[in-house]
Amino acid sequence: RTRHHPLALETLISNFVAFSSSVMPAVVPAASRTRSGARCLKVCLRGAHSRTRNGRRVVHAPCAPIYVCDAFTSVPFRGNPASVVVLPSDETLHDENYMMNVALEQNHSETAFVWPIESKAEEEEEGVLVYGLRWFTPGRVEVELCGHATVAATTALSHMLSTSPESEEKSQYSFRFKTKWSGELLVNATQADDATKWRVSMDFPAAPVNEMDDEARALAVCEAVGVTRQSAVFVGTTALNNDIMVVLDDAEAIGALTPDMQKLMSDTVGQHRGVIVCAAGADDSDEDFVSRFWGPRVGIEEDPVTGSAHCSLAPYFKDVLLGASDNRPMRAAQLSDRRGVLTAICKDDGRVQLEGDAVVVLCGSLL
């Protein structure tokens, strides 16, 4: 037995009725607007539709709620921004080319697309909301897993639910995201100061790092990053997303790096999603480890905060800093200009719990 998940399209619609009055003139004929703004928006959310106007058939494009959330920060305009598009449950807007074009238009390092999925009775009884989830870059690339855009998607949905007059107001939500490449992801959100700010905890797969056995390639990677091979204590590749990871012995050197983007995309560096450069935190800092991330091959020069990279960073530094039996939380910082922080916990089941704050900075409607 299955039932529709509590976040039905009607819930989404009610949150955008006020906004619809400003966008409906460009989307829906005036005669139909007089019946009900919410009803017209509901039609739009369901997909493209057509009406006859002055003897001509006019096709109106579908629209969907869109958010921008800053992940791994408790204040706006820091951390890593991501767009989140809430699609209807049918497959009207689930076209890959459409998603790629929206991601290109938004031009954030990733754009997340979510849509409600019918949940099982036991999931509803546990209070778990089930959604589909995919992530795309501006370079028209779909990624296997994206941490900050998952945080953003969770924050956007939590904000939508907690502010909708059709939903019971809650300060905690649980989501199960069904993804194309990374299985099911269980994510929890707890409201912080207000409905725009949330603390998000994600259960992600741990991704081991294998040392690079091609020394010529390792040398090319170090040269592209702008460090000597001698200063790199480890160069490897991750099992998730095919990232390259370079570990330095000096945390202060991380912030000063200026990689050569052309060299990062060269054949000598080889195929990869991005390059992680990291180091254990300085003795006088609050961070256990620090990092930066560049991905010009997928249309991202520097990613402000890369949650998925910590699926590999956390297990690596757990072994280096804590040891096999110590699962205490580690604090991580990504040293981009926008800077972001998160907490990582390596679990005995081979997964990584990543926690961080996020804030909603924009909501609207994608026409």
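This is a predicted model: local features need pLDDT of at least 70, side-chain atom pairs count only at pLDDT 80 or more; totals for chains, interfaces and linings use all residues.
Residues are numbered from 1 along each chain as its sequence is written, and side-chain values use heavy atoms, with hydrogens and water left out.

Back to Asn 80. Asn 80 sits in strand β5. Helices (H or I, at least four residues) and strands (E, at least two) are DSSP runs, numbered from the N terminus. Is Asn 80 buried or exposed? It counts as buried, because its relative accessibility is 1%. Buried here means under 20% relative accessible area, exposed over 50%, and partly exposed in between, with a 1.4 Å probe and protein chains only. Leaving out residues up to four places away in sequence, Asn 80 touches Cys 69, Asp 70, Ala 71, Ser 109, His 148, Asp 303, Pro 304 and Val 305. A contact means heavy atoms within 4.5 Å.

Now the overall numbers. The protein has 11 helices and 20 strands. Of its 367 residues, 56% count as buried. Among contacts with a separation of 6 or more, 64% are between residues 24 or more positions apart.

Next, the nonpolar cores. A nonpolar core is a set of buried Ala, Val, Leu, Ile, Met, Phe, Trp, Tyr and Cys residues joined through side-chain atoms within 4.5 Å. The largest has 61 residues, and Val 114, Trp 135 and Phe 177 have the most contacts inside it. Helix α7, residues 147-163, gives the most to this core, with 8 residues. Beyond its neighbours within four places in sequence, Val 114 is in contact with residues including Val 84, Val 86, Tyr 131, Leu 133, Leu 157 and Phe 177. Another core, of 25 residues, lies apart from the largest one; among its members are Cys 222, Val 269, Ala 279 and Trp 294.

On cysteines: Cys 222 counts as buried because its relative accessibility is 1%, and Cys 278 counts as buried because its value is 0%. How many disulfides does the structure hold? The count is 0, with a disulfide taken as a pair of cysteine sulfur atoms within 2.5 Å.

Aromatics next. There are 9 aromatic pairs in the structure. Rings of Phe, Tyr and Trp (its six-membered ring) pair if their centres lie within 6.5 Å; planes under 30 degrees apart count as stacked, over 60 as edge-to-face and the rest as tilted. The rings of Phe 175 and Phe 177 are stacked, because their centres are 5.8 Å apart and their planes are at 10°. Both of these residues are buried. Phe 289 and Phe 317 are stacked as well, because their ring centres are 4.8 Å apart and their planes are at 5°. Phe 289 lies in strand β16 (289-295) and Phe 317 in helix α11 (310-322), so this pair ties together parts that are 28 residues apart in sequence. Ring pairs also link Tyr 131, Tyr 173, Phe 175, Phe 177 and Trp 198 into a cluster.

Helix α11 itself is largely enclosed by the rest of the structure, because 10 of its 13 residues are buried. Those buried residues include His 310, Ser 312 and Lys 318. Just after α11, Gly 323 takes a positive phi of about 100°.

Helix α5, residues 96-106, has Tyr 98, Met 99, Met 100, Val 102 and Ala 103 buried. Its buried residues pack against β5, β6, β8 and β20. At the start of α5, a side-chain oxygen of Asp 95 comes within 3.1 Å of the backbone nitrogen of Asn 97. Just after α5, Asn 107 takes a positive phi of about 60°.

Last, Asp 243, in the loop between β13 and β14. Asp 243 counts as buried because its relative accessibility is 2%. Which side chain does the side chain of Asp 243 join in a polar contact of 2.7 Å? The partner is Arg 273. Asp 243 also touches Gly 236, Ile 276 and Phe 293, among others.

Terms used: A polar contact is a pair of N or O atoms within 3.5 Å; within protein, one must be able to donate a hydrogen and the other to accept it, and residues adjacent in sequence count only if both atoms are side-chain atoms.
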